[in-house]
Amino acid sequence: MKHIKIAAGLAHVNYGHIASVVEEASNAGIDYIHSDAADMHDLKNMQLMGGHQIIEAIRPITDKHIECHIYTKDMDRLFIEKIAAAGCNMLIIPAENFLGAPLAYIINYCREFGMKVGLTVGCYTPLCFVDEAIYDIDRLQIVVHGVDETDGKDNWGWRKSSLDMIRRARKMIDEKNPKCELAIDGGLRFDNMDPLIECNPDIVILSSAIFKDKEGITAGVKKCRAAIDAASEKFGLE
Ligand SMILES: O=C(CO)[C@H](O)[C@H](O)COP(=O)(O)O
């Protein structure tokens, strides 16, 4: 059975308890810590979260891989240098905001400072935005959030059209850069992700499902781990 990794997303944590929540999630069996950060543009309801200050604070708490998923319009060498120095292992940036020569510089800076680099395909961004960069990245992350079933109250699920995109992303990675990890992110719960697991991702990013579970963080991790493993087995993933 394929071990699909769990990245614990810090988008929906209580930042007043950041050290203890990271410690509990790490001990409960997650694989990666996923620190979400954003500027004032793309995520209107979740701005200014976990950049280098947060990563620096949680680095001594866990020996897990820590990645920074950042929604920004801009990115410079100083930021990359600082986040790497804070102990970040991977920088993940939006494909829709970074193309061409600026992206080439960013990939180069990440290598220079010893970090892996990933691209997100954001909500409703077409997969073709990563057609060329796929050869040179370590992570392709599909944000599956969507509003196809929205109740208008900010309870976003995952959009059904993302199934087709994940299948195409899997094929693209297998053909062009098999070492690149395929991650899915957004609206995933222990009881709703089977159809997405069937598309064979390598990583599932979960925030509310872990950090807002009514029975606590450890219980949230265990429920998600069990659901992912059961689906991986059911669909014969290897
Ligand atoms: O960057 C993100 C999606 O764009 C976050 O990782 C997302 O908010 C995950 O949250 P949840 O698992 O609670 O849906």
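## The ligand and its contacts

A backbone N or O atom of G187 sits 2.7 Å from an oxygen atom of the ligand, a polar contact (a pair of N or O atoms within 3.5 Å). Taken alone, the ligand exposes 370 Å², and the protein buries 97% of that (Shrake-Rupley method, 1.4 Å probe). This is a predicted model, in which local features need pLDDT of at least 70 and side-chain atom pairs count only at pLDDT 80 or more, while totals for chains, interfaces and linings use all residues. Residues are numbered from 1 along each chain as its sequence is written, and side-chain values use heavy atoms, with hydrogens and water left out.

## The shell around it

The ligand is surrounded by 15 residues, the closest being Y71, D185, G187, S207 and S208 (a heavy atom within 4 Å). By class, the shell has five nonpolar, seven polar and three charged residues, with Gly counted as polar and Tyr as nonpolar.

## Two packed helices

Now for a helix pair: α1 (residues 18-28) and α8 (residues 217-234) pack at about 35°, their axes 9 Å apart (lines fitted to C-alpha atoms over the stretch in contact, angles from 0 to 180 degrees between N-to-C directions). Helices here are DSSP runs of H or I, at least four residues.

Methods
Polar contact = N/O pair within 3.5 Å; in protein donor to acceptor, adjacent residues only side chain to side chain.
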